[in-house]
Every structure is written in C-alpha cells, then in structure tokens.
Amino acid sequence: MRVLLIGANGYLGRFVADRLLADPAVQLTALGRGDDADVRFDLASGSPGALTRFLDAVHPGVVINCAGATRGGARELTRHNTVAVATVCEALRRSGCGARLVQIGCGAEYGPSQPGSSTAEDAVPRPGGPYGVSKLAATELVLGSGLDAVVLRVFSPAGPGTPAGSPLGRLAEAMRRAMQSGDGELKLAGLGAQRDFVDVRDVARAVHAASLSAAQGVINIGSGRAVRLRDAAATLARVAGYGGALHELDGPPGPLRAPIGHPRGESDHPAPVAYPSYPDGCGSWQQADVRTARDRLGWRPRINLEESLADIWMEAACRI
C-alpha cells in the first residue's frame, strides 16, 4: 500500500510515520515543509495543480494529512488548517489516483460541552475559538468533497514529544525548574479544566487503522475519560519524584500535595508559578464518546495517562 503522509515532521505526524514504517506492507512517502521530507511542499501556499501532478506521479492509495497549526492568529490558523485542506481536497479531486483521505481533526471543533457528558460524533459543533473554527471548516471541506475520506477528531494528545508550550509540557517544565532549584512548593494556575487525554502512540494506531478501513465521516479518538488537570499534575509529581507541595491558585483552598511522602523543602525565593491553561475554547470539560472508533476501526486506547506523563517527564528531565 502506497501512503502519502503530509506533516510527517509534526507532533502527531512523527508517530504516525513510525507506525506506518513498522508495517512492511506500507510504502511511505513523506511530504512537508521541512528538509527531512521526501518531497518539500507547503500546503498553505502551494497550488492544487502542483500537488495534483505529484499525486499522479506517486499514485498513493491513501493520503494522510497530519499537517496544521495549533497556535497563531486567525489568519495564520486559517491558512494552515483550512486553506491547506482545501488544497488537498481539490488536488485529490483532480488526480486520477483515487486515494483515500485520512484527515486529522481535533476535539476543539466541538467547543464547550456539558460537564459529565460524553461528546459523540453527532453533536453539533460549536467551537469556542479560532483554532477550533479553522479545524471545523477543514472537516466540512473534507466531508463535502465527495472523496473517500474519514476525519479523526483527536481530543487532547499526550505522551512523548509533547510540545513544551502545551499545558502538560509547561507543567512538566515548571516542575523540572522547581526540582532543579530546590523549591519546596510549586504554584499552579489553570488546573480546573478537565480534558480527555489520549496517548500520541494510540493516536498513531488509530490513523493506521483508519487508513486500512472503509470507514467514512467523523470518528472521535480519545480515552473516553475526562481527567482534571490538577489530578494530572499530582500524577506527574509522583512519577517525577517531586516531594514538594503543589499549590493550586484557582482551585479549592489549601495546597494540593503531591503524594510522595517526602518532607517539604525550604526555599528563600518565591515558588515558581505555572499556567497550564487550555486556550482551546472548550471550557471546563471535554470527554469523548469513543464507541464509533471501537465499532468501525476496531480501535481502543491502550496506554494510560500515567505512562504518557512518565514519558513527558522523562523528556523534561533530560533538560536538567
């Protein structure tokens, strides 16, 4: 099976590439903006005609689009998340390759949801920010393209390679700094949000499964369980061996202590403050209904959050 992977050098794309390369039945070609791509092409500025010529030359059976932007202004997000997908869809329509498209969407397309609820694929999307809007527009382009296509709405990916600027990445970096400087307490803000974390390696398995399936439409990819960020912080402290106190600035009164059992250290300078907030426009709660992924892809998450956080911490600790 010939697979064209777009965005292979991104956070999700790297793990998708590793998963596909481990399949001896897959012949992989990577297309992207970086020097390490097999073919350099910028979806945000390249023409559909140029991409069509490449598709006709390579003739892939599956095109997987992991490219996109998570940060920036509305214009930049639209260019990289919406215009780029319009280019892919138009090129596939013009091409004679007949490739299946696997598009990576995101849980932010749904926007805020009712606490305690699980969001299924038939929920009406109401994105609460420009990122979710740009990704939802891309999904609508794919669904209306007439192509053999599936959109995987990935909720909150975690695990190795987690960007340092993400909420969990900033949390790990703040803890690393506290341990390096001997701070006995860490002040944390933005811990009230509850998110559905799914390991990036499980996401790669879902992408692989989707590329082999005949499933179309939208499929949620998540763990099916919302976790409060303060609980993730306590778990991270445990796997890191941080013995200080975690003070939550915007939560219940009193410190949230890491369940380590070590005495609190003393510090002559104020405790560092971390702000692992979620600027995704999804409010205080998000939890995926993942039954469709189970039924149509045969996919279930395998890696728990503690393992994901341990891998995040391992990478952060290597920077000490």
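Reply: Strand S5 is mostly covered, with seven of its seven residues buried. Buried means under 20% relative accessible area, exposed means over 50%, and partly exposed lies in between, with a 1.4 Å probe and protein chains only. Strands (E, at least two residues) and helices (H or I, at least four) are DSSP runs, numbered from the N terminus. This is a predicted model, in which local features need pLDDT of at least 70 and side-chain atom pairs count only at pLDDT 80 or more, while totals for chains, interfaces and linings use all residues. Residues are numbered from 1 along each chain as its sequence is written, and side-chain values use heavy atoms, leaving out hydrogens and water.

The residues of S5 point in two directions. Arg100, Val102, Ile104 and Cys106 point one way, Leu101, Gln103 and Gly105 point the other way, and all are buried.

S5 belongs to an open sheet of seven strands in the order S3-S2-S1-S4-S5-S6-S10, with parallel pairing. At the edges are strand S3 (39–40) and strand S10 (217–221), each of which pairs on one side only. Two strands pair if DSSP finds at least two bridges between them. S5 and S4 pair in the parallel sense over four bridges, and valine 62 stands opposite arginine 100 in S5. S4 also has strand S1 (residues 2–6) as a parallel partner, joined to it by four bridges. In that pairing, leucine 5 stands opposite isoleucine 64 in S4.

Further along the order, S6 and S10 are parallel partners over five bridges, and valine 150 stands opposite glycine 217 in S10. S10 is mostly covered although it is an edge strand: four of its five residues are buried.

Axes here are lines fitted to C-alpha atoms, for helices over the stretch in contact, and angles run from 0 to 180 degrees between N-to-C directions. Contact means heavy atoms within 4.5 Å. Helix H6 (residues 200–212) lies across S4, S5, S6 and S10 and runs at about 150 degrees to S5.

Most residues other than glycine have a negative phi. Histidine 59 is not a glycine, yet its phi is positive, at about 55 degrees. Its relative accessibility is 41%, so histidine 59 counts as partly exposed. Valine 58 is found in helix H2. Apart from its neighbours within four places in sequence, valine 58 is in contact with Arg2 and Thr29.

A second open sheet has three strands in the order S7-S9-S11, with mixed pairing. Its edges are strand S7 (156–158) and strand S11 (226–228); each has a single partner strand, so one side of each is left without a neighbour in the sheet. Neighbouring strands of this sheet are turned by 55 degrees against each other on average, direction ignored. Strand S9 (residues 194–199) and S11 run antiparallel and are joined by three bridges, with glutamine 194 opposite arginine 228 in S11.

The cysteines come next. A disulfide is a pair of cysteine sulfur atoms within 2.5 Å, and by this rule the count is zero. The sulfur of cysteine 89 has its closest cysteine sulfur in cysteine 97, 12 Å away, which is too far for a bond. Cysteine 89 is buried, at a relative accessible area of 2%, and cysteine 97 is buried too, at 11%.

For the protein as a whole, there are nine helices and 14 strands. Its radius of gyration is 21 Å, close to the 20 Å that the globule rule gives for 320 residues, so it is as compact as a globular protein of that length. That radius is taken over C-alpha atoms, and the globule rule is 2.2 Å times the number of residues to the power 0.38. The C-alpha trace spans about 70 × 40 × 35 Å along its principal axes. Buried residues make up 55% of the 320 residues. Among contacts between residues at least 6 apart in sequence, 81% join residues at least 24 apart.
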